[in-house]
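Morning, everyone. Have the structure open while I talk. I'll go through charged pairs, a surface patch and an interface.

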Amino acid sequence: MLKIEDLHVSYGPIEALHGISIELEAPEVISILGSNGAGKTTLLKTISGILTPTKGVITLDGVVLNGMEPSKIVKLGVVHVPEGRHIFPNLTVKDNLILGGYFGNATQNRENMEFVLHTFPVLKERLNMKAGMLSGGELQMLALGRGLMGNPKLLLLDEPSLGLAPIITSEIFKTVKKLTKEKGFGVLLVEQNARKALDISDRGYVLVNGRIELSGKSEELKENPEVQKLYLGGKNVKSGI
Amino acid sequence: MLDIKDLSVHFGSLIAVNTLNMKVSENTIHSLIGPNGAGKTTVFNAIYNFVPYTGDILFKEKSLKHVPTHGLSQMGISRTFQNLSLFYSMTVEHNIALGLHPTAKSNIFKDISGVNIYSQKGIKEKIKSVAELVGLTQLLNAYPLFLPYGTQKLVELARALVNDPQLLLLDEPAAGLNSAEKDYFKKILLEVKKRGITILLVEHDMGVVMDISDLITVMNFGEKIAEGTPEEVSENPEVIQAYLGVE
Amino acid sequence: MLNLVFRGLATGSIYSLTAMGIVLVLSTTNVMNFAQGDMGMFLAFIAFALIMRNFPYPIAIISVVVIGLILGTLLERGLMSKVRKTSHLGMIIVTLALTMILEGLAGYFFGTTPLLFPPLLKGPPIQFAGVILDRQDLVSLAISGIVVLILFIILYRTKIGIASRSLAEDEYGARLLGIPIKSIYTFIWAASFGLAGLAGVMVAPKLSLEPSFMIVIQLKAFIAAVLGGMSSVVGAVVGGLILGVLENFIAYYIPQIKDSFSLILVVVVLLLLPEGLFGRRQARRA
Amino acid sequence: MKKITPIILLIIALFIPVFLRERPSLIYYINLSMIYAISAQGLNLLMGIAGQISLGHAAFMAIGGYTSAILVMSFHLPFIIALIGGILVACAFGVIIGFPALRLKGFYLAIATLALGNVVTDIIKRLKITGGDYGLRNIPPPSLFGFELQNNLSQFYLVLGCLLLVIFVTRNFIKSKSGMALQAMRDSETGARAVGINISNYKLLAFIVASAFAGLGGVLYAHSVTYLHPTNFGLGFSIDLLAITIIGGIGTLWGVVLGSFLWVLVRNLMGTGLEVLTGVLFGVILILVVLFLPRGLSEIFFRISNRFKSKEVQEK
């Protein structure tokens, strides 16, 4: 479904991604691992049209995405749930959700809204509250819910666990996995918490300084000594750091 | 050296730090760890009076409660930030030089008669020696905006060190560094400690924390859940459950 | 007493129209538009020219609003979309530069001698329960009311309105949701300059028409917007009305300070109540 | 080369009145330009170095001018005392207008300074000693050490001296400890506080220095134009000063001089009937500068002189 071939992205004179190729076939969860500055967020921003690649092609079901306006890409069903969530704090929870379905028709949006509130009942209770009053976990649920309002074929999730208690992280990850099965969309998951990401994903790619160093089935990656050392905590495996 | 007593910080109904007690002893590297939102940075911000708090914070038996932010560096406390706070219109040299603001003496006549105190000999020497310590000697005339992120962090560290602080607060210094840079950073911090400077470190990277800390305090939901040496902490069941995760 | 209140409300409604335009732009695009008043001035001159050529009043007003919409669109597309990439200071300066340009053009085309703008509704003032009201004042009150109602419905009940409010909060977030930012900015600028035209035509009959006649109104509109908390059009309207009433009372009881009163008021409000008289704290944890 | 240029320029400047002996009105305009430059330099420091904004800068010129004129006319004090008095009173008001800056930023500071500037002119309008709405007329020309500087020519040297002093002080101030602290504050307030810079004091200092320059400009203006009226120092003039600063090159030393000369030249020497269009012209220039020349017109000069320099290097 999603096909990225030899993607190069630069910030001014500095190249951040040096030829990335990734394939994803929905319903599938793929995690992208790597340290800070490895280019993970850059990759997601490029797919959603915020950044334009200097070289390479991104296609979704054969349609070329690169060079398109972000709004067109969203219309095609690629929804980006960004790092830091970017919820509108002074808008109500409901208004935030409505904006997630900016392009949908009224019936579609009503159905989607019902589905989102069913999936995250806590949002139903807070529907008319300003979004800025939500707790970290609730905010992440709102961000996910807002993403679901856009009828995604492909969901780009950037650091959903950021700033969350581990228990809540697990809950959110479980929900993502469940939603993928129910709705049949694909998920590209960028995550610092490599262990948890690999737990719910089918395959994974390891990004180092803008290049793919390793890729494979999640189980294999978990067993890989290199990955263990760099991202799963090496000698502190026992305590799971 | 630093004594935090019953520190509580509230943001509206949210309790960011809840009756925290901790002591940082002289000439140690003391790390503060915990998940995001556990209240670590808030502790720094309380020390800097960026947020109102209850309880007390003592530095060498003196309360910091009514010391304004700009008074801290004169007392011997300096810090770096999670998000860099460099002066981007200035060279690396001047960025470091401004760390000497509290001690560099000037007056109105010097100000308008063209005496550039930051180019005086003693001050230049100081800048040079701290630049050497963190490895910026070659870059003194560069502008930080054009330097890699890791190097910019070193500029901020140098700025915090140049005024010979007694206590150095570091907020996630290793975030965004690659592993080679992290190793380099660890070396510098150990060297800083050797010079008699106490370090309070907030850091996510367990590799860095476990390798160089003398003592670790673990926070979760604004409260201290454990304290001890790296070995003790990494075997503490509560820490594993709440923060490190169960294997 | 009641007379003072009503006349105050009438003055206030004039401030409100300009204040709404300022707040509309500020709360969505983060640009403080110092040219809002002068755009009204310019459009009032055009209305004047039309009326002098025997166009009926309603046509003149409608065409001025339409011209405002067009100018707003052109300005956003041609200039503001580029200025937004500079700094806060850059944006302030560009709108100040616009005031210089507009005042200069008006002076060039229409002259700097004050002109008399014919009142919208002729006829004697209306007396009602001991209150004497100018017909003109009633019109501007009514129009303010209608405009704020329309704006409120657009901003809070339609998708494009909600999206407009989201832009000021987090433009990046809005971009990721695919919200067509460019069209929304254009919509906002067009709407605010349409409003400017309306405000100009409402104010002109009360003052004499000259290139600088909206400067005072613009200043008062800022004050109204600050009183209202700078973030909602409803606040701007209420702020304008309050300011109008307060001013009338001050002018009646302590005329010595009537000029400086509102200026000092705004500084005090900015310093003590940065969220406005009835603004609420920004919703954000930690 | 680098050291000789300013001296040559200075000598040329000193001889300007000699060349223009036949055109005293031209000298008057040159004086006016330099007075604007002195005032605008204060705004330049405030905005370019300290990162604050003020839309009430002209009010300080009014305060300086009125104070000095009143001291000379009503209290019969010598000009030099009146000059110092004018500057000091302007500084005092600088503290007052600086206080909002401790809590306000950006647009809000712009509105607050705009309002306070208007309050000042309103008060001047209501006071008796300032001549109220009639303004102050027949202000005596400046006198120094018993010499009355009656004509534009002699005033030229006084104003030139003041301008050079202001530029000299600004140049040194920018490089000084206080100047560095202000620039640090502009770049990052958090960083500045962390290194021990007392933000409040330095913000006030910025406003005081800016007011002092405006006050000096106002004193010179009062005694060379010989007529003061409160409406001359309203928002319009403040915006003019802002435009001069930006067009000349914000944060540069000589930009304000360039901006002022251009301003006075275009405003006063453009054909009659077209002068209403100067606003349009400057508005357009201002927008172009904001969009394309963040360091103002002086950037063009920099580029040209850099080209010369690189040529020199090549020739060597």
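**Salt bridges, a patch and an interface**

Across all chains, the count comes to 25 salt bridges. Keep in mind that this is a predicted model.

Take chain A to begin with. A:D199 and A:K222 form a salt bridge, with 2.7 Å between the closest N and O atoms. This pair links distant parts of the chain. A:D199 sits in helix α8 (residues 194–200) of chain A, and A:K222 in helix α9 (residues 218–223) of chain A. They are 23 residues apart. How accessible are the two partners? A:D199 has 49% relative accessibility, so it counts as partly exposed. The cut-off for exposed is over 50%. A:K222 is partly exposed too, with a relative accessible area of 23%.

Now chain B. B:K124 pairs with B:E93 in a salt bridge, and their closest N and O atoms are 3.0 Å apart. Here too, distant parts of the chain are linked. B:K124 belongs to helix α5 (residues 121–134) of chain B. B:E93 belongs to helix α3 (residues 92–97) of chain B. The separation is 31 residues. Is B:E93 buried or exposed? B:E93 is buried, because its relative accessible area of 12% falls under the 20% cut-off. B:K124, at 33%, is partly exposed.

Stay in chain B for another pair. B:E191 forms a salt bridge with B:R195, and the closest N and O atoms are 3.5 Å apart. B:E191 is partly exposed, with a relative accessible area of 30%. Salt bridges with shared partners join A:E125, A:R126 and A:E138.

Next, the patch. Turn to chain D. A nonpolar patch lies on the surface there, with about 1000 Å² of accessible area together. Its residues include D:I7, D:L10, D:F15, D:F19, D:Y157 and D:W254. Which helices supply it? In chain D, α1 (4–19) and α6 (152–175) each give at least two residues of the patch. The largest share comes from α1(D), with seven residues. Pick out D:F15 on your screen. D:F15 is a member of the patch, and it is found in helix α1 of chain D. Its relative accessible area is 45%, so D:F15 is partly exposed.

Last topic, the interface of chain C and chain D. How many residues of chain C are in contact with chain D? There are 42, and they meet 39 residues of chain D. Interface size is often given as the accessible area lost when the parts come together. Between chain C and chain D, the buried area is about 3400 Å². Carbon and sulfur atoms give 85% of that. On the chain C side, C:M100, C:L270 and C:L271 stand out. They supply 18% of the area that chain C buries against chain D, more than any other three residues.

What about polar links? Two residue pairs are in polar contact across it, both at pLDDT 80 or more. On the side of chain C that touches chain D, α3 (57–83), α4 (88–110), α9 (215–227) and α11 (258–272) of chain C each supply at least two residues. The largest share of that side is 17 residues, and α4(C) provides it.

That's the tour. Over to you.

Note on methods
Residues numbered from 1 in each chain as written. Chains lettered and ligands numbered in written order. Predicted model: local features only at pLDDT ≥ 70, side-chain atom pairs only at ≥ 80, totals over all residues. Heavy atoms only, no water. Salt bridge = Lys/Arg side-chain N within 4 Å of Asp/Glu carboxyl O. Helix = DSSP H or I, 4+ residues; strand = E, 2+ residues; numbered from the N terminus. Buried < 20%, exposed > 50% of the residue type's maximum accessible area, 1.4 Å probe, protein only. Patch = residues over 30% accessible without salt bridge, like charges linked within 9 Å, V, L, I, M, F, W, Y side chains within 5 Å. Areas by Shrake-Rupley, 256 points an atom, 1.4 Å probe, with all protein chains shown as cover. Contact = heavy atoms within 4.5 Å. Buried area = accessible area lost by both parts, 1.4 Å probe. Polar contact = N/O pair within 3.5 Å; in protein donor to acceptor, adjacent residues only side chain to side chain.
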